[in-house]
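Here is a short briefing on one protein chain. Keep the sequence and the 3D view open while you read.

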Amino acid sequence: MVDREHLASVLGEFARTLLTDFPIQGILDHLVGRVVDVLPVTGAGVTLISTGLAPQYVAASDDRALRYEKLQSDLSEGPCILAFTSGEPVHVPDLAADDRFPEFGPAALAADLRSVSTFPLGDRGARLGSMDLYSSRLGRLGTQDLVAAQTLADVAGAYLLNAQARQRLVEDSERFRQSALHDALTGLPNRTLLQQRLEHAAQRAKRSHSTAALLFADLDKFKRINDSYGHGVGDELLVAVGRRLSALLRPGDTLARISGDEFVILCEELTQPADI
């Protein structure tokens with residue numbers, strides 16, 4: 001029978017972390033451990049699945065549950081796969097009497113699994129994977145236990161969707177920052193980032209009484225390359241030049257493309273003019 005006090009505690013923990021940056025792995029590891037406290041099962045696991053890709057293990061309550069999760073991932077067969085593809089819970093009260101999993105079944109039985117219930121995570125528009133409840137005993141979970149398990153799966157799915165949206169926002173922000181500070185063709189720092197580094201270099205040189213230098217490099221008659229061979233070849237040449245110049249720099253130096261065929265090299269921590 002479901003432990004209502006533990007269930008309320010787990011749901012409260014999810015509610016408190018839903019809008020935070022708490023790591024996905026951490027909350028799922030905690031979830032599968034608490035599921036075993038809340039429900040009459042011997043193990044629990046969570047697997048994330050992407051359509052067309054092999055399942056990815058995420059969390060398990062113990063080594064045996066981890067083995068069951070990995071078996072399904074390795075075989076691409078099992079209750080978690082079926083729950084993900086169908087979008088419906090999958091109940092196997094007697095694994096030995098169920099013929100839906102010809103490879104997973106015998107392997108899991110040999111590892112002392114007797115029954116399993118699996119619940120899809122997410123909805124039909126954004127299905128994420130499944131939550132698996134394992135037992136070394138035969139039989140189906142009771143009605144209240146099934147309701148509690150479905151509630152936990154729904155809450156976990158909502159958390160995952162929220163966390164993924166938050167992660168996409170962070171990644172989009174980082175891509176925007178990178179594009180704002182780097183040249184789209186060569187990937188080198190652009191004029192804006194060079195200006196920032198120049199300001200920092202001037203401050204560091206003043207504090208350490210060292211010297212910084214700027215070297216300008218452009219490609220003579222570069223226009224002829226574009227006119228004769230096309231802008232595609234010209235772009236390839238600029239990328240190649242950027243790579244060659246980058247290979248000549250010391251760690252800490254900056255190579256920037258400021259426009260067209262014009263590059264600038266910023267060298268710091270110089271002690272005498274000859275170092276330039």
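How many helices and strands does the chain have? The count is nine helices and eight strands. Bear in mind that this is a predicted model.

**Overall fold**
- The chain has 276 residues, and 41% of them are buried.
- Take the contacts between residues at least 6 apart in sequence: 60% of these join residues at least 24 apart.

**Helix pair H2 and H6**
- Two packed helices are described by the angle between their axes and the distance between the axes.
- Helix H2 covers residues 24-38, and helix H6 covers residues 143-181.
- Their axes come within 11 Å and cross at roughly 175°.
- Angles over 145 degrees count as roughly antiparallel, so H2 is roughly antiparallel to H6.
- On the H2 side, the contact is made by Ile24, Ile27, Leu28, Leu31 and Val35.
- On the H6 side, Leu152, Ala156, Tyr159, Leu160 and Ala163 make the contact.
- By class, this contact has ten nonpolar residues, with no polar and no charged ones.

**Largest pocket**
- The largest pocket has a volume of about 150 Å³.
- It is lined by 14 residues. Closest to the pocket centre are Pro40, Ser115, Ser135, Gly139 and Leu141.
- Strand E4 (115-123) and strand E5 (126-135) are the elements that give two or more residues to the lining.
- E4 supplies the largest share of the lining, three residues.
- By class, the pocket lining has six nonpolar, five polar and three charged residues.

Conventions:
Residues numbered from 1 in each chain as written. Predicted model: local features only at pLDDT ≥ 70, side-chain atom pairs only at ≥ 80, totals over all residues. Heavy atoms only, no water. Axes fitted to C-alpha atoms, helices over the stretch in contact; angles between N-to-C directions. Helix = DSSP H or I, 4+ residues; strand = E, 2+ residues; numbered from the N terminus. Parallel < 35°, antiparallel > 145°, perpendicular 65-115°, else oblique. Contact = heavy atoms within 4.5 Å. Nonpolar A, V, L, I, M, F, W, Y, C, P; charged D, E, K, R; others polar. 1 Å grid on protein atoms, 1.4 Å probe; cavity = no way out; pocket = protein on both sides within 12 Å on 5 of 7 lines; lining within 4 Å. Points joined across faces, edges and corners; volume = space filled by probe spheres on them. Buried < 20%, exposed > 50% of the residue type's maximum accessible area, 1.4 Å probe, protein only.
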